[in-house]
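User: I am new to this structure and would like a short tour. Could we begin with the strands?

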Amino acid sequence: MPVSDLIRQHLAGLRALLILTLITGFAYPGIVWVAGQLPGLHDKSHGSIIEVDGRAVGSSQLGQSFTDANGDPIAWYFQSRPSAAGDGYDTLASGGSNLGPENIVDTPADPALLAAGSDPEPAGFAPSLLTQVCTRSHEIGLREGVDGARPFCTPGGVGAVLSVLGPRAADGTVLPQRVVSVNEPCRARSAGSTPVFLAEYQGVPVECAQYGEDYSTGRIIPMAGNAVAEPAVPADAVTSSGSGLDPHISPAYAEIQVNRVAAARGIEPAAVRELLAAHTSGRVLGFAGEPRVHVLELNLDLDSRYPVARAAAGE
């Protein structure tokens, strides 16, 4: 190839680089920035920040946790839904858990590490989506004074899942010879307690799970149990949103929190319900989505109208 042609090609590539740099690196961002300053868009482009006494306390578009330094829910605040974004509501790690409905078997913790004082997660414990839902429902039930039971959950708050081991009949069914509750490790057994959630399955005693044994060769069966089909603890209270940053909860989840918040603030539940109704939005355009409650705005309104003596409360 002649040197002159080579130079022309490189000059053409350089011109394209400069033009595209001007368009995509300067012109387009500049246009977007200017558009973001227009009335009606300015607040959104600047993060929809909510301020109290000149101090930023959150965003109307992003959720946040209402917990103390130990990660425990603060009693006088309505609680948000769970978040799988980083350690919770991390805007730099927006996303869900990526766990699906078939994720029902836990990865157990190493009992030796637990005995040495390690926390469950560093010891290898990875709860399934089912156990996460069951644990949250159990804890919320205790905290809010409602029934935390739900289908496919043990009374202790883990996934009620059996591994049925044995030969298979001609029709493919398993003839049980051994049955294991895979999410109830034997180390959980304590004096006076029931080792597993179910005494027997088709006449075969149900065992607790031994660490290190593989139960995947058996037929994995989630057990619905006797819990009602519509639990008192709603679905959004025990599952995270796809972004992990949802600032809203359902009116049903807010309602079961009313008595706790009222008691912590020393006011009547009716007063809390009045503010709850004021911060409940209906479906968009009357048909899209579901009714929702903005948690931060509700909590700020509660602080404004019914402040808590935080020093006396230990915060």
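Analyst: Ser 163 stands opposite Val 180 in β4. This is a predicted model: local features need pLDDT of at least 70, side-chain atom pairs count only at pLDDT 80 or more, and totals for chains, interfaces and linings use all residues. Residues are numbered from 1 along each chain as its sequence is written, and side-chain values use heavy atoms, leaving out hydrogens and water.

User: Which way do β3 and β4 run, and how many bridges join them?

Analyst: Strand β3 (residues 161-165) and β4 run antiparallel, joined by four bridges. Strands are DSSP runs of E with at least two residues, helices runs of H or I with at least four, numbered from the N terminus; two strands pair if DSSP finds at least two bridges between them.

User: What is the bridge partner of Val 180 in β6?

Analyst: That partner is Glu 207. Four bridges join β4 to β6 (residues 204-209), and these strands run parallel.

User: How many residues of β4 are buried?

Analyst: Six of the eight residues in β4 (residues 178-185) are buried. Buried means under 20% relative accessible area, exposed over 50% and partly exposed in between, with a 1.4 Å probe and protein chains only.

User: Turning to α7, which residues are buried there?

Analyst: In α7 (residues 269-278), the buried residues are Ala 271, Val 272, Leu 275 and Leu 276. They cover an arc of only 140 degrees around the axis, so they lie on the same side of α7. The arc is taken from the directions from the helix axis to the C-beta atoms.

User: And which exposed residues does the face turned away carry?

Analyst: That face of α7 carries Ala 270, Glu 274 and Ala 277.
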